[in-house]
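Here is a brief report on one protein model.

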Amino acid sequence: MSSFMYPRLAWQNIKKNGKFYFPYILTIVGASAAFYILLAMNGAKDLPENIRYSYLANFIFFGTIVIGIFSVIFLFYTNSFLMKRRNKELGMYNILGMDKRHIGKVLVFESIYTALIGIGGGIIIGIVFQKLVTLLLYKLMKFDVPFGFYIFYEGIGITFIFFTVILTVALLFNLRRIHVQNPIELLRGGQVGEREPKTKWIIAIIGVICLGGGYYLAVSTSNAMDALAMYFVAVILVIIGTYCLFTAVSIVILKVLRKNKKFYYKTTNFIGISGMIYRMKRNAVGLANICILSTMVLVMVSGTLALYLGTEDSINFRYPGDINIETRYRKEENLLNVEQLQSRITSGIEKQGYKMTKVNTLNSLSFTVGDTNNGFITDRNKFSNMGSRMLVFITASEYGRLLDIDPPKLEEDEILLYSQGRPAKGDISIDFSNADNPEGKVRTFKVKEELDSFPAVSDYAAFLLDISYCVVADASVMFNLSNEQTQAYGDYASPMIWEAHIDLDGTTEEKIACADFISNPENINVDGGAVGSWEWYSVESKDSNSIDFYSLNGGFFFLGIFLGLLFIMATVLIIYYKQISEGYEDRERFQIMQKVGLDKKDIKRSINSQVLIVFFMPLIVASVHIVFNFRLMKMLLTLFGLTNTTLTFYCTIGTVLAFMAAYSIVYMLTAKVYYKIVSK
């Protein structure tokens, strides 16, 4: 055969198999474009060296790694499907006189064309859209938008080499496959696997256990720290359970239905169940992939969308005022005089010409305890065997001022209690005795009233654990508790905390300047003496720190959108290939059923119902995953300061509905290809 025939034949093959090759090439284009865009963004030379831009670098690096791994896995997956659909064609070439060496040369030229179009097109598209994507990311992260344009030549080289290696390895697998198979096997390749699938009880049981275990972890986790520790365990269990569900559990259910003779021996049910058994065997892995990819898209987009839209809520939760002051102190001889401290701070602000519109202060004590059925303990050696909880104490006068009501009247041994995740059970006790403090007392308080809610207390670390808010009679009770927990915890004891949250009338720059001014104790003459002593004095500006919040949350949202679109592309491609493969298989099955005398309308109705069930099954299972995932995701988002459950719920519902609409559109488009094949 002339050497000029190989490239010509390869090009004809690509055009002839366009319905298979075109989506494959689009996948290469999309993946290489995304890969180059992130490399180019990471290679920008004009990024300042500060924490805001370190967020950007970390997000881009993580996204590049994910896209690289995704590209390897998915391009091998699509290449495998492509070769499976071409088995008959390649076997026919062999029978007509082309030996395996000639076929191999044709495949080499096909790979060269695919690489040139896919990688070259991806790099060109990446260069064109890189600036637009950069502008979007900078807008989300509240960065100043640069106007320059550049081409990252190093990124072009890395992208070309990386995807060339992937396609070369895929080609080697194809050549090996051609080498080890004989022409008859290639011709029958599309029919391999038509035996009835076996009932895999062990895999089915494993699937049920894994899904049940993952769901149980999702509903039983009680706080954000536990959610962080168990989330990936739950994800792995659900992924394993999903594959087992589609590959084994579905077969078990269908065969159980088949054993019900009254149900099975009806025309529609007979055709439907028999067809579904074979469909699930051929499509189980693909359906599981669609389900997992759909779940990933829904989780990423809904979670990052809620995080970004809730940025203002997170900022307000973390910084209740324009200026936020925190002072930590202990009850010593030179006790901090919080009234004098507040007076000096407000005087210093006024002398600088700034106008305060609101001043809120709070004096509190908080420390961690072990949570038992009978109360709370301070023995850290036992914490690992039980839940941990944060106790927060404020006085009755502070509570009344926060709610603008008359202070509640409490005796020394009485409290008002609001407890997250733990209803009050009569009196509560705090055992301050442990190995380091064997003489510690057990303080018992009567719960005078169990509160339904509690005003916001800005202890940023507290939301990592469940919290019990306690209102005590006066400062002396709180100081006694502080002394007792100091004896119990020693160097690990928590100090008293005095906070001030001040709102100013002025511009953003003026508010930041005021915070910078009072952050230096010398500027307001807060240097001990009549004010007393403290361990920690810090001042934070809401406007200054809000930039970091938008940098972090905007980066997460960008990754959610960017990777979500990539996974959606993969989902659409799997669906498209599944519809094509089912179209060819159903065309032959349709003809056989007609030949044995089955009514054409019944056959069509049965096949249509099977296609709908198989197509939407991954979406239904993914929606169930999202329902169980919501609680874990809600708790994980609190680690970033988002406590607005309503916003998270609406973002999740909106994302699911939008994805369902897009999924249905994909079905309608790919169904046209399916019915076109079947009707031939």
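## Strand pairing

Strand 3 (residues 376–377) pairs with strand 6 (residues 428–431) in the parallel sense, over two bridges. The model is predicted. Phe376 has Ile430 of strand 6 as its bridge partner.

Strand 6 also pairs with strand 7 (residues 442–450). This pairing is antiparallel and runs over four bridges. Here the bridge partner of Ile430 is Arg443, in strand 7.

## Helix 2 against helix 5

Two packed helices are described by the angle between their axes and the distance between the axes. For helix 2 (residues 18–42) and helix 5 (residues 100–140), the axes come within 6 Å. They cross at roughly 45°. Helix 2 is therefore oblique to helix 5.

The crossing of helix 2 past helix 5 is right-handed. The residues of this contact divide into 18 nonpolar, eight polar and one charged.

## The cavity

How many cavities of 30 Å³ or more does a search of the whole structure find? The search finds one. The largest cavity has a volume of about 130 Å³. The lining has 13 residues. Closest to the cavity centre are Tyr21, Tyr24, Asn79, Ser111 and Asn174.

Helix 2, helix 3, helix 5 and helix 6 (153–180) each give at least two residues to the lining of this cavity. By class, the cavity lining has eight nonpolar, four polar and one charged residues.

## The largest pocket

The largest pocket holds about 1600 Å³ of space. Its lining has 44 residues. Which of them lie nearest the centre of the largest pocket? They are Tyr231, Phe232, Met296, Val299 and Met300.

Six helices each supply at least two residues of this lining: helix 3 (51–85), helix 8 (201–220), helix 9 (224–259), helix 11 (267–309), helix 17 (542–595) and helix 18 (600–638). Helix 11 gives the largest share, 10 residues.

The lining of the largest cavity, in turn, has one charged residue.

Conventions: Residues are numbered from 1 along each chain as its sequence is written. This is a predicted model: local features need pLDDT of at least 70, side-chain atom pairs count only at pLDDT 80 or more; totals for chains, interfaces and linings use all residues. Side-chain values use heavy atoms; hydrogens and water are left out. On a 1 Å grid over the protein atoms alone, a cavity is a set of points where a 1.4 Å probe fits but cannot get out, and a pocket is an open set with protein on both sides within 12 Å along at least five of seven lines; lining residues have an atom within 4 Å of a point. Grid points are joined across faces, edges and corners, and a volume is the space filled by probe spheres set on the points. Axes are lines fitted to C-alpha atoms, for helices over the stretch in contact, and angles run from 0 to 180 degrees between N-to-C directions. Angles under 35 degrees count as roughly parallel, over 145 as roughly antiparallel, 65 to 115 as roughly perpendicular and the rest as oblique. A crossing is left-handed if the near helix is turned anticlockwise from the far one by less than a right angle, and right-handed if clockwise. Ala, Val, Leu, Ile, Met, Phe, Trp, Tyr, Cys and Pro count as nonpolar, Asp, Glu, Lys and Arg as charged, and the others, Gly among them, as polar. Two strands pair if DSSP finds at least two bridges between them.
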